[in-house]
Amino acid sequence: MMEFFPVFLSVVFVVRNQSDCIEKMLSEAAAGISSLVCDYELIVIDNASDDDSVFVFKNLTGENGQPNLQVFALTKEVDADTAAWVGLENALGDFVAIIDPLADDIGFLPEMLDRAVNGADVVFANNMQKSAQSLAYRSAYAVFNGLYKRFNGIHLANEAPQYRVLSKRVINFILQHPQPGMTYRHLPATGGFARVNLSYSAMPKVSRAKQLGESVDRGMRLLVSTTRAPMRLVTSLSLFGAVANLVYSIYVVAVGLLKTDVAPGWISLSLQQSGMFFLISLVLLVLGEYILHMVSLSNEGPLYHVGQEFTSARMTRREKLNIEEADPKTHHEPDADPERAA
């Protein structure tokens, strides 16, 4: 028998162009979650769908629609991490689950929630079965995760997958960072919170071919924004270039003083080249350090904009509030006539 947890759970779904199956998916999710926790909410992030998803969501959030449902329709398509963060920062639950309905198995959620309720701030679930991708994508994916593990100490795909359950205090911690939509992917795994990594095996519902160009762009932004190692490598190379050219200049001067059979013009040309490269290396070094400093102070604007928002007309948690409405017929105004009062 499935265990019951006395918590408020928020479940975030990121969807795009799934109008034909979204109603069934949400109904099945609500049926399973309602028997799992005492209260819940379903948060759907529509990632700029170009089908009739908005029309479906309007019906689902109507009087006779799906209870405890919130929908945020984005005006332009963003990456999956940014879209998931839209739901995270609007979630009210004690715990928040982030699910890709096409790749993740919601049936594994009870085991994840059990670990979260019993003390884990972050619970990751890694599906051992992956969608088939091209050789180029898999190669780039392996290179990215190798570099990320070298720079940050974690394998992002295995140790911080997108299917996760976070406690509210982890979300509040991420909110303190200037770019929470970007740092949300790796920060729960590197922030020092109690973490549990689980594995399961379930066939993805739909095999989606991912675009290599978009993935490389997102990977580079994630790699650069979450660690200073790439820019620090640039500044280290600049420093090495400056020192190397300085040493070479000393070598040229030494050759000019100790040797008599030097080709005419070699000393002046070598000193000129080494001096110019020395100055260029110093300029790159200063610029690199300045960029590192500016990145640490920058706080860019939002990465997304919510164009439309729909909320269920029925919220079961409101029905549970201990509020009693006063009957106006039983409410008596004090008698203003002192003689009648006497």
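Reply: This is a predicted model. Start with the helix pair. Helix H3, residues 80-89, packs against helix H7, residues 168-175, at an angle of about 115 degrees. Their axes are 11 Å apart. The crossing of H3 past H7 is left-handed. H3 brings Trp-85, Leu-88 and Glu-89 to the contact. H7 brings Ile-171, Ile-174 and Leu-175. Sorted by class, the contact of H3 with H7 has five nonpolar residues, one charged residue and no polar ones.

Now the rings. A pair of aromatic rings is described by the distance of the centres and the angle of the planes. The count here is six aromatic pairs. One of them joins Tyr-163 and Tyr-200, with 6.1 Å centre to centre and 85 degrees between the planes. That geometry is edge-to-face. Tyr-163 sits in the loop between helix H6 (156-159) and strand E6 (164-167), while Tyr-200 belongs to strand E7 (residues 195-200), so this pair ties together parts that are 37 residues apart in sequence. Tyr-163 and Tyr-200 are both buried.

A further pair involves H7 itself. Phe-173 and Phe-193 have ring centres 5.2 Å apart and planes at 70 degrees, so they too are edge-to-face. Phe-173 lies in helix H7 and Phe-193 in the loop between helix H9 (187-190) and E7, so parts 20 residues apart in sequence are tied together. Phe-173 has 25% relative accessibility and counts as partly exposed. Phe-193 has 18% and counts as buried, because the cut-off for buried is under 20%.

Back to the tyrosines: Tyr-163 and Tyr-200 form one aromatic cluster with Phe-108.

Last, the cores. In soluble globular proteins, nonpolar side chains tend to be buried together. The largest nonpolar core in this model has 40 residues. Phe-13, Leu-26, Ile-33, Val-37 and Leu-42 have the most contacts inside that core. Take Phe-13 as an example. Setting aside neighbours within four places in sequence, Phe-13 is in contact with residues including Met-25, Leu-26, Ala-29 and Leu-42. Its partners also include Ile-43, Val-44, Ile-45, Ile-99, Pro-101 and Ile-106. A second, separate core has 30 residues, among them Ile-45, Ala-160, Val-170 and Ile-174.

Notes: Residues numbered from 1 in each chain as written. Predicted model: local features only at pLDDT ≥ 70, side-chain atom pairs only at ≥ 80, totals over all residues. Heavy atoms only, no water. Axes fitted to C-alpha atoms, helices over the stretch in contact; angles between N-to-C directions. Helix = DSSP H or I, 4+ residues; strand = E, 2+ residues; numbered from the N terminus. Left-handed = near helix turned anticlockwise from the far one by under 90°. Contact = heavy atoms within 4.5 Å. Nonpolar A, V, L, I, M, F, W, Y, C, P; charged D, E, K, R; others polar. Phe/Tyr/Trp six-rings, centres within 6.5 Å; stacked < 30°, edge-to-face > 60°. Buried < 20%, exposed > 50% of the residue type's maximum accessible area, 1.4 Å probe, protein only. Core = buried A, V, L, I, M, F, W, Y, C linked by side-chain atoms within 4.5 Å.
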